[in-house]
Amino acid sequence: MLPFLRPSFSPFSLSHGLFRTLTTCAASKLPLDTPEAVHKRRLLRTRPGAILFKKGMTSVWDESTHQQVPVTVLQFDRVQVVGLKTEKRDGYSAVQMGAGLRLPHNVSRALQGHFSANGVYPKRYVKEFQVKDDSCLPKVGTVLTPEYFQVGQHVDVKALTKGKGTAGVMKRWGLSGGNDSHGASKSHRSAGGTGQAKIPARVLPGKKMSGHMGHQFRTVQNMLVWAVHPEHDCILVKGAVPGPVEGVVYVSDSIIQLYKRPSA
Amino acid sequence: MFPTLRLCAKKLLLGRIPPAKFPFPKPLDPPKAKDVTRCIEALHVSQLETENKNARMFAKNNPDRIRPGAVLMVRSYVNGSKDPRTTSFAGYLMKIRRRGPQTSILLRNKILDTYVEAGFKVFSPSVKEILVINQNGLGKRPRRAYLSYLRKPKFHLPSVTPMIKDYFESIDSSKSKTDA
């Protein structure tokens, strides 16, 4: 008979997430499933993000590794706190950030009233960034400058990817297509077979087929802020960022850093 | 992206745009740089030009710049910033590819009956120094910017080693003269 193996509850055998949950709940003496307990263990950022514009890419030299580093230039354009969401009024804490410029007569009366009430000239792009609680909320009208981010910090960059229109199966899903020669008849870039036979006698949902590709929000996590240039209102991040040049990009503090176990 | 407020103010005066229904503060100033990427690249290049001594050697606006056909010797670090060891390569300058911080040169030499071409990024931190062995190693001024014809057997050039030997000997002799 096999011995019954009981799970040991040492911190080294639990996953980090479960360990964090149990310790925070133990510390607060709350049960696990109340809304307050759930909110407490949610990984929310303590600072709002910024709305930037992707302006292009260049490369710089890294002195320590002697390597060429590709960097993306992200520019600040009138980034300002345009509104707040509070726990008392809205049930959650968030910062409504705005960027760019929109003329008042090009904005609906409702939005005009909203911007005017918050003492801000109408913005072209507006987005909410959720934060941990009301204590993390900045004042309405706060202007964000490039010094908001530090050199060497990691950020998550979210943007709408470039649209590719209707993309074929090879581009969209990376299928191999068919033979270019050897008698292949009109099937050089097709998917080939789409299923089995009499069972299941249908094409299963989720079959990779051609269709719309791109123009979707994607987040690149943990990008390194390479440089901060306040005189040009921009920051440089290492690597590539989704979306076209002149596209809007939402940059917030890296959530992976929140996951990291504090070094003992 | 940057609508002109002046044009809108003009249109407001002419009555073509209705006045704002709500009071708004004065709008913030747009970012000063229109083409930021170019500004950043220019900033980077100017930084490199002040810090890097190889910069002026290939600058187009320098009348004493190195031209194709010169014989250069490049000493580059082998192993990152911590290791001071270098390796050398010398050869005839075939091409200068000007791309700002990514400017590169192509050198060609004959090593033991084998022709070898090596490229070096001039502004790379791994390039320690570029020595000019000869301003013009071809005799005649080449009438090309890219000397690809040197690859043809008719235009094959001898190894650069004797020139390097002479160069270092002349340096030593001038040193001994100054010492004496």
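1. A:Pro200 sits in the loop of chain A between helix H5 (169–173) and strand E8 (211–213). Helices (H or I, at least four residues) and strands (E, at least two) are DSSP runs, numbered from the N terminus. The peptide bond that joins A:Ile199 to A:Pro200 is cis, with omega near 0°. A:Asp233 is placed in the loop between strand E9 (217–229) and strand E10 (234–238) of chain A. For reference, most residues other than glycine have a negative phi, and most peptide bonds are trans.

2. On provenance: this is a predicted model, in which local features need pLDDT of at least 70 and side-chain atom pairs count only at pLDDT 80 or more, while totals for chains, interfaces and linings use all residues. Residues are numbered from 1 along each chain as its sequence is written, chains are lettered from A and ligands numbered from 1 in the order in which they are written, and side-chain values use heavy atoms, with hydrogens and water left out.

3. The interface between chain B and chain A buries about 3,400 Å², of which carbon and sulfur atoms give 68%. Buried area is the accessible area (1.4 Å probe) that two parts lose on being put together, summed over both. Helix H1 (5–14) and helix H2 (36–51) of chain B are the elements that give two or more residues to the side of chain B that touches chain A. H2(B) gives the most to that side, with 8 residues. By class, the side of chain B that touches chain A has 26 nonpolar, 7 polar and 6 charged residues. Here Ala, Val, Leu, Ile, Met, Phe, Trp, Tyr, Cys and Pro count as nonpolar, Asp, Glu, Lys and Arg as charged, and the others, Gly among them, as polar.

4. The contact (heavy atoms within 4.5 Å) takes 39 residues from chain B and 41 residues from chain A. Between the two chains there are 0 salt bridges, a salt bridge being a side-chain nitrogen of Lys or Arg within 4 Å of a carboxyl oxygen of Asp or Glu. The chains do share 7 residue pairs in polar contact, both residues at pLDDT 80 or more. A polar contact is a pair of N or O atoms within 3.5 Å; within protein, one must be able to donate a hydrogen and the other to accept it, and residues adjacent in sequence count only if both atoms are side-chain atoms.

5. Over all chains, the whole structure has 10 salt bridges. One of them pairs A:Asp253 with A:Arg47, with the closest N and O atoms 2.8 Å apart. This pair links distant parts of the chain, 206 residues apart: A:Asp253 is in strand E11 (residues 248–253) of chain A, and A:Arg47 is in the loop between helix H2 (35–41) and strand E1 (50–62) of chain A.

6. In chain B, B:Arg75 belongs to strand E1 (residues 71–77). The side chain of B:Arg75 is in polar contact with the side chain of B:Glu129 at 2.8 Å. B:Arg75 and B:Lys128 are 53 residues apart in sequence, yet their C-alpha atoms are 5.4 Å apart. Leaving out residues up to four places away in sequence, B:Arg75 touches residues including B:Thr86, B:Ser126, B:Leu131 and B:Phe168.

7. The largest pocket holds about 340 Å³ of space. Its lining has 16 residues, with B:Ile66, B:Arg67, B:Pro68, B:Arg144 and B:Ala145 nearest the centre. The lining of the largest pocket divides into 6 nonpolar, 2 polar and 8 charged residues. On a 1 Å grid over the protein atoms alone, a cavity is a set of points where a 1.4 Å probe fits but cannot get out, and a pocket is an open set with protein on both sides within 12 Å along at least five of seven lines; lining residues have an atom within 4 Å of a point. Grid points are joined across faces, edges and corners, and a volume is the space filled by probe spheres set on the points.

8. There are 2 cavities of 30 Å³ or more. The largest cavity has a volume of about 50 Å³, and strand E3 (residues 104–111) of chain B gives the most to its lining, with 3 residues. The second largest cavity, of about 30 Å³, has lining residues from chain A, including A:Arg78 and A:Tyr121, and from chain B, B:Pro27 and B:Leu28.
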